[in-house]
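Subject: The structure we talked about

Hi,

Here is the structure I promised to pass on.

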Amino acid sequence: MCGPLCPVGIAGGLGLARLLGVDEFILGLWIGALIVSFSVVLNKFLIKKGKGFPFSFWLILLATWLISFFPIYRQLSWDSSVIILGLPRVIAGSLAGAVMLFLIAKINDFAISRHNGQIYFHYQRIIIPLAGLLAISAVFYWML
């Protein structure tokens, strides 16, 4: 699955984000979206190979999320000024990013279905989620 590089990448990203002054919540948005996209790709691969099972996506998503955050859980900041809904900012951001990517993908799929299953422009399935995440990041940047 994700392997040991996920927590190392997240820890490195957190350190770099702190150095550059990027809010951990915004970094979490992108981490959550990455975890969701990885889970979707892995689930599609398993289904293609005939290894899919009911709720396989949700199991992959949960396992990837745990593998990504469990090793660094104790090193995350638990200061009351950086807690959102009782969670460290990066974890709260990852949950928000996962939900946002789901919603953006559903809106994109709805738009495509309204256009007789045809995309409106080349690379739409990549550009729309990225643009949506950039817009959400900008909104949260100005809010936080």
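Of the contacts in the protein with a separation of 6 or more, 65% come from residues 24 or more positions apart. Thr64 sits in helix H3, residues 56-69, and it counts as buried because its relative accessible area is 1%, under the 20% cut-off. Keep in mind that this is a predicted model.

Now for the overall layout. The protein has five helices and two strands, and along the sequence they run α-α-α-β-β-α-α. Buried residues account for 34% of the 144 residues. The accessible surface is about 9300 Å², and 72% of that belongs to carbon and sulfur atoms.

After H2 comes Gly50, with a positive phi near 80°.

Speaking of phi, most residues other than glycine have a negative one. Two residues here go the other way. Phe55, in the loop between H2 and H3, has a positive phi near 65°. Tyr123, in the loop between helix H4 (89-114) and H5, has a positive phi near 60°. Are they buried or exposed? Phe55 is exposed, because its relative accessible area of 66% is over the 50% cut-off. Tyr123 is exposed too, at 63%.

Tyr123 also turns up in a nonpolar patch on the surface, together with Trp30, Tyr120, Phe121, Ile126, Ile127, Leu130 and Leu134. Together these residues have about 830 Å² of accessible area. Which helix gives the most to the patch? That would be H5 (residues 124-143), with four residues. Trp30, on the other hand, is found in helix H2. At 31% relative accessibility, Trp30 counts as partly exposed, because that value falls between the 20% and 50% cut-offs.

Cheers

Technical notes:
Residues numbered from 1 in each chain as written. Predicted model: local features only at pLDDT ≥ 70, side-chain atom pairs only at ≥ 80, totals over all residues. Heavy atoms only, no water. Buried < 20%, exposed > 50% of the residue type's maximum accessible area, 1.4 Å probe, protein only. Contact = heavy atoms within 4.5 Å. Areas by Shrake-Rupley, 256 points an atom, 1.4 Å probe, with all protein chains shown as cover. Patch = residues over 30% accessible without salt bridge, like charges linked within 9 Å, V, L, I, M, F, W, Y side chains within 5 Å. Salt bridge = Lys/Arg side-chain N within 4 Å of Asp/Glu carboxyl O.
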